[in-house]
Amino acid sequence: MVSWMICRLVVLVFGMLYPAYASYKAVKTKNIREYVRWMMYWIVFALFMAVETFTDIFISWFPFYYEIKMAFVLWLLSPYTKGASLLYRKFVHPSLSRHEKEIDTCIVQAKERSYETMLSFGKRGLNIAASAAVQAATKGIGQGACRTATLRMSVGQIQRQSPSHLPGPERSL
């Protein structure tokens, strides 16, 4: 439990917060070399986070798992080891380059399907809302008629009262 908490803290501070601030500085100073360094880091770190989701579930019981994960994040970040740059150049870039067309095709298909799905859900939602409104209106017609009759009776009673029954300055009306 303690290892997990320390690991989360290390990943948060050294894996996300410090790199985010360093990325901000790179953007602010418009240093192209730093842009490239931090873009490679964020790509590798995003892949690490995706893999971490599954490894935490299946192999977190492994001895020193969290210590290894902390060391890996620090290795990725270190300007001396340039771990993120090394992994990006050796593995990530070649793999993405080989599969770039397939990935792009999948992204386009997912966008199209998600748009169609959202339209379908929107139409269903509107149909459900419209039918609920119609049902509420049909159920409320009988109750609405009673409310209207009650309102007319109370308005008639108010009109029949003389101004002398009204308190205070309204009597002069």
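## Report on a predicted helical chain

Of the contacts in the chain (heavy atoms within 4.5 Å) between residues at least 6 apart in sequence, 57% join residues at least 24 apart. This is a predicted model, in which local features need pLDDT of at least 70, side-chain atom pairs count only at pLDDT 80 or more, and totals for chains, interfaces and linings use all residues. Residues are numbered from 1 along each chain as its sequence is written, and side-chain values use heavy atoms, with hydrogens and water left out.

The chain contains four helices and zero strands, in the order α-α-α-α along the sequence. Helices are DSSP runs of H or I with at least four residues, strands are runs of E with at least two, and both are numbered from the N terminus. Of the 173 residues in the chain, 17% are buried; buried means under 20% relative accessible area, exposed over 50%, and partly exposed in between, with a 1.4 Å probe and protein chains only. The accessible surface, about 13700 Å², belongs for 69% to carbon and sulfur atoms. Such areas come from the Shrake-Rupley method with a 1.4 Å probe, and for residues only the protein chains shown count as cover.

The structure holds 11 aromatic pairs. Rings of Phe, Tyr and Trp (its six-membered ring) pair if their centres lie within 6.5 Å; planes under 30 degrees apart count as stacked, over 60 as edge-to-face and the rest as tilted. Two of these pairs are set out below.

| Pair | Centre distance | Plane angle | Class |
|---|---|---|---|
| Phe48 and Phe72 | 5.4 Å | 40 degrees | tilted |
| Trp61 and Phe62 | 6.1 Å | 70 degrees | edge-to-face |

Phe48 in helix H2 (residues 32–59) and Phe72 in helix H3 (residues 65–77) are 24 residues apart, so that their pair links distant parts of the chain. Phe48 is buried, at 11% relative accessibility, while Phe72 is partly exposed, at 29%. Both belong to a cluster linked by ring pairs, together with Tyr18, Trp38, Tyr41, Trp42, Phe45 and Trp75.

Trp61 is exposed, at 64% relative accessible area, and Phe62 is partly exposed, at 45%. These two residues also take part in a nonpolar surface patch of about 980 Å², whose other members are Phe54, Ile57, Phe58, Ile59, Phe64 and Ile68. Patches are made of residues with over 30% relative accessible area and no salt bridge; like charges are joined within 9 Å, and nonpolar side chains (Val, Leu, Ile, Met, Phe, Trp, Tyr) within 5 Å. A salt bridge is a side-chain nitrogen of Lys or Arg within 4 Å of a carboxyl oxygen of Asp or Glu. Helix H2 supplies the largest share of the patch, four residues. Ile57 lies in H2 and is exposed, at 56% relative accessibility.
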